[in-house]
Amino acid sequence: MSDKDKLILEENGVGLSRKLARKDINIRPPWYLGPGFLLFWVLLFFAVVIPLFYRLPTSLTVEDDNAGEFIGDRAYNTLNNLVNIGPKVTGSNANEVDAVAYLLTEIADIKKEFLEDLFTLEIDIQKTTGSHIYYDMLEMYQGVQNIVVKLSTKNSASESYLLVNSHFDSVPNSPAAGDDCFMVATMLEVLRVMATTRQPFEHPVAFLFNGDEEMGMQASHGFITQHKWAPKCKAVVNLDAAGSGGREILFQTGPSHAWLATYYKQSAKHPFATTLAEEIFQMGLVPSDSDYRIFTQYGNIPGVDMGQAINGFIYHTKYDRIDVIPRGSIQNTGDNLLSLVRNLANATELHDTENYQSVRTNFSYIYTNFCIIQQQAYKNGQAVYFDFLGLFFVNYSEKTGKTLNYCAAGATLILVFISVWRMSAVARLSSCGVWQRLIFLVILQIIAFVLALGLPLLVAYIFDSFGLSLTYFSSPALLIGLYICPALIGLGLPITIYYQSQQNNKLPITYHLQLALHSWVVVLALLAIGGTAYGVRSIYIITILIIFYGISLALNLLTTFHDRGYSWTGLVIASQVMPFLYSSYLFYIFIVVLTPMNGRSGSASNPDTTIAALAALGAVTSFGFLLPLTNIFRRPWSVLLTLLLVTGVTIFLACGTQIGFPYRQRTNSARVAYQHVRRIFYEYDGSVSKDDSGYLFNFQDRRQAQAFPGVNLTGAISQTSNCDTHMMCGVPLFDERWVGNRMQGMWLPREEPIVPPKPANLELLSKTVLNDTKTVRFEFRLTGPNYLSLFVQAYEDDYVTVSDWSFSRSYLEQKPALPLAYHMYITYGSNSALEFSLDLTKPNGDFNVPLFQLGVSSHNIGNKGDEHSVKFASTFPSYAVITDWPSLYQRYIF
C-alpha cells in the first residue's frame, strides 16, 4: 500500500478498506421502485409547485376599512364598469368619449376625497399628434388621447417625477378585462389610496392613462415626447398584459439600472419575476411589445415592465371578460403596485437616474459617500433577480452574479478533484485511470444533453410534418409524454448503458455512479463559466444546481458517506429538492406563458419547437442529478421502458383521439384574422386594370386553414405570387404582423363586390417641378376612416428616388428592404384630412413617365361588413375567434 493510501486510511480514523468500499451492492431496491422514484418527483411538482404558482391572496373589501391598503373589491368594481363599456378601439366613440368620461368621473371622485392639506392633485387631458418608427414602418397618429393625473406632496421640492402607465383602449371585439382594464382599475385604486392616506412621499407621481396602445403604442409616444410633465419623469412603472386572471410577472427592469430590482424586492408582497423572462423578451422571442419600450427608447428613462401573463388563451379575444379574473388577482397586483409606487416615489435614485448620483440628506458625510460608492457599483449594470415559488425574492448585481457563478463553478470543480483523488486512494487505482473514466463520462453527458434536447425537437418536427402541431394547446398534460419523457430518455440512456457495462469493473460500482454525477456537474460548470463570460445573466439557474450539488458533495466527503456504498445518495437526494422545485417552477412559467402565444405567433415557423425546447431544458435542469440515481435500483432499464411506454401512449392520444385536437370553445380558441377587401389598381393614365373583391387571411397559428375544416375555402390561393409581382403583395397589409406574415397569407376571391362603408379618398393637389429641374413635388390630400396606410415605392430601375417628403426624415433615410415599400401606418383618435407631399428626383428630369407607385389602404375596423361577409363568418366553428373588417386597397401610379 502506498504512503498516500495509508495516510487517507489513517485520516478516516476507522481505516476504510477496499472491502468496505466494495461492499455488496447487489442488495438493491426492487426494480419497480425506480419508476416510483421518478413518480415521487412528479407528485412533488403537483403538490408544491402548482398550488404555489396559482396561489392568490384574499381580496380586501370596503368593509375591512384597512386604511392605507389596496382594496381589491373596490378595484374589481371599477374593472367591471370599464369592461361594461365594451370594446374601446382607438377612434371609436367608446374609447374617445365613453371611456374618457368614465375615467374622469372616477378621478373627480378621488379629487373630492383627497387630502388637500397634504397633497396637490392635477389633471390634464392631452390630445397628441406625432409619429415614430416601428420595425419597417412609420407609425403616425393624430388626435389620440391621454389622461394624466399628477399627485404630489405639498412640501416636496423634487423636480423628478415617477411615471405609472397603463392603457384603456382595446383591440376590436374584446371587452379587454385583462388587457388592460385590469391595470387601469388597479392604477385608479392606487391613486385613490395614496391620495387619501397620510403617507407623504418625496417625488410627484404622474399616473398616465393612455388611449392608444393597441394600434402601435401611439399615445405613450405622444406623452413622452410632447407632454409638459414628460421631461421631469425619471422612471416608469409600466403595466400591461398578455393574459388574464393570475399573478402579474415582472417582465423587464432597467435597462442598466439594477437598483430598480432592489426596490421591487423591498416592495413586492407577492414577488413573481425572473431575469430569464427579461432576456427572452429583449431577444425578441416573445411576439409582443409594450409602452415600456417607448418610454425607455424615446424618453431615455429606466423603469419596470409588469403585466398579467397567465391564461393568454383569451388575450385579445371576446372571452377576455371579468368572469375569468378572480378578485384575488387584482388584490395581488394592487398590493405589489401600491408598495412599489410608494417606495419608488421616495427613491433617492430618482433625483438623477442618468448619473446615479446620491443626494445628500441629513446623514453623515461618511455614510453618504458610502451610499455613492454602493450606487456606483450598479452604474451601467444589470440585475440578476428571481423569485422562489412566490415565497421570497432574490436579487444582486450582474457583477456579483459573475463572481458567484465563477466561484461556485470553481469550488465545485475542486470538490470533484478531491473526490476523484479519494476514489483512487480507497480503490487502490491510479488517479489517471479514474480521471479517464470521468472524462469519458463528461463526453457521455454531453451526448446525453444533446439527446435530451434533440429527441423532443424530433418529436415536434415529426408532428409538424404530419400537420399535427399544437396538439398540447388545450391538453397541456400531453407535454409530459410528448416532450418531457423523450428528454428524460435521452438524458438517461447513455449513463444507463455505461453503468450496466461497468458491473465487473475494478472501480466500485457506487463510484461509477458518483462519477456520473460528477461529470454532469463538470458540464454544468463549463456552461456556467462560458455563459457568464458571454454575459448571460440567466446562468444563475445553472449556478443554483451547481451550488446545491457542491454542498451535498462536500458533506459526503466530510462524513465519509462518500465511501460507504450508496450512503451518499441520501444527501444528494435531499440537496436536490430545492433545485428541482425551482427549475420545474421556472420552466413551467414559460410553458404556461408561451403556449397560448403559439396560437397567435404566425404560421411561418413551427411553434412546437419552442415548447419542446423549454420542456427539455426543464427536464434536464430538474432531473440532471436525479435520473442517474435510478441505477441504484435493480433493472434500471425499467425506468427508460416506462418513459418510452408513456411516450407511446401519449403519441396515440395526441394523434388518434380528440384529446390532441388543439381548440376548445371559450378556453382555447383558434384565432383567425381576415379582411373583406376591395382592391382597385389604377394605371398611369387613370384607367382601372383590376377591380376585384375577396377575403385576405392572415393565419395566426401553424395549422392555418386546417384549423377550420368546415369552412369552404375552395379557390383560395397563396399570396406568394402576388408578393413577387406587386408592391406590398397588392393588398392592404394592416400592420407589421401582416407584413411579416405576408408570404403565408391567403386570398379567397369573392364574386360579390365589397363596398367599404367609409372608403379612402386620395386627391392630387399639385405636381410641381422644383428649381433644380431634377426634382418634382407631388402634393396630396387624403381622407378616410380612422385607420389608413400609405405604401410608397419609386421605380428605381429608372433611377427614380424619393428624395424628400412631409413625413419623418429619419424614416426616409431608413430605406426598407426590397420588395417592401415605405409604409406609413396612420391612426386617428379624431379624424381629419391628411395633407402630405412627396419629392421624387430623377437625373434626366423626365417626369412625364411613371415615377412611383402609391398604395392607399383604408380599414373600417369594428364593422362586420355586408350580409355576405356576415354569412361567411357564420360558417366558422364555435371554437374560432374571428377578427375581421372591410377594407379598401387602391394602387395608383404617378
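Ser-166 is found in strand 3, which covers residues 161-167, where helices (H or I, at least four residues) and strands (E, at least two) are DSSP runs numbered from the N terminus. The model described here is a predicted one, in which local features need pLDDT of at least 70 and side-chain atom pairs count only at pLDDT 80 or more, whereas totals for chains, interfaces and linings use all residues. Residues are numbered from 1 along each chain as its sequence is written, and side-chain values use heavy atoms, with hydrogens and water left out.

Ser-166 counts as buried because its relative accessibility is 0%; buried means under 20% relative accessible area, exposed means over 50%, and partly exposed lies in between, with a 1.4 Å probe and protein chains only. When residues up to four places away in sequence are not counted, Ser-166 touches Asp-180, Met-183, Val-184, Met-187, Leu-208, Phe-209, Asn-210 and Leu-239, a contact being defined by heavy atoms within 4.5 Å. Cys-181 is buried, since its relative accessible area is 1%.

Gln-218 is placed in helix 7, which covers residues 218-226, and this residue counts as buried because its relative accessibility is 0%. Apart from neighbours within four places in sequence, the contacts of Gln-218 are with His-132, Glu-139, Met-140, Tyr-141, Asp-212, Tyr-825 and Thr-827.

A cis peptide bond also runs from Gly-254 to Pro-255, with omega near 0°. Pro-255 is situated in the loop between strand 6 (248-254) and helix 8 (259-267).

Leu-470, a residue other than glycine, has a phi near 65° and is located in the loop between helix 14 (431-465) and helix 15 (478-501); because its relative accessibility is 0%, Leu-470 counts as buried. Thr-560, likewise not a glycine, has a positive phi of about 65° and belongs to the loop between helix 17 (540-559) and helix 18 (569-575). With a relative accessibility of 12%, Thr-560 therefore counts as buried.

A search of the whole structure finds one disulfide, the term being used for a pair of cysteine sulfur atoms within 2.5 Å. This disulfide is formed by Cys-723 and Cys-729, whose sulfur atoms are 1.9 Å apart, and both of these cysteines are buried. The torsion about the S-S bond of Cys-723 and Cys-729 is about 100°, so the disulfide is right-handed. Cys-485, by contrast, is in no disulfide, and the nearest cysteine sulfur, which belongs to Cys-655, is 15 Å away. Because its relative accessibility is 4%, Cys-485 counts as buried.

For the chain as a whole, the secondary structure comes to 25 helices and 21 strands, and 60% of the 894 residues count as buried. A compact globule of 894 residues would have a radius of gyration near 29 Å, and the value of 32 Å for the chain agrees with this; the radius is taken over C-alpha atoms, and the globule rule is 2.2 Å times the number of residues to the power 0.38. Taken along the principal axes, the C-alpha atoms fill a box of roughly 105 × 70 × 60 Å. Among contacts between residues at least 6 apart in sequence, 82% join residues at least 24 apart.

The chain exposes about 34,200 Å², of which carbon and sulfur atoms supply 58%; accessible areas come from the Shrake-Rupley method with a 1.4 Å probe, and for residues only the protein chains shown count as cover. The chain has 63 positive and 72 negative side chains, and the centres of the two sets lie 11 Å apart. In this count Lys and Arg are positive and Asp and Glu are negative, while His and the chain ends are not counted, and the place of a charge is taken as NZ of Lys, CZ of Arg, CG of Asp or CD of Glu.
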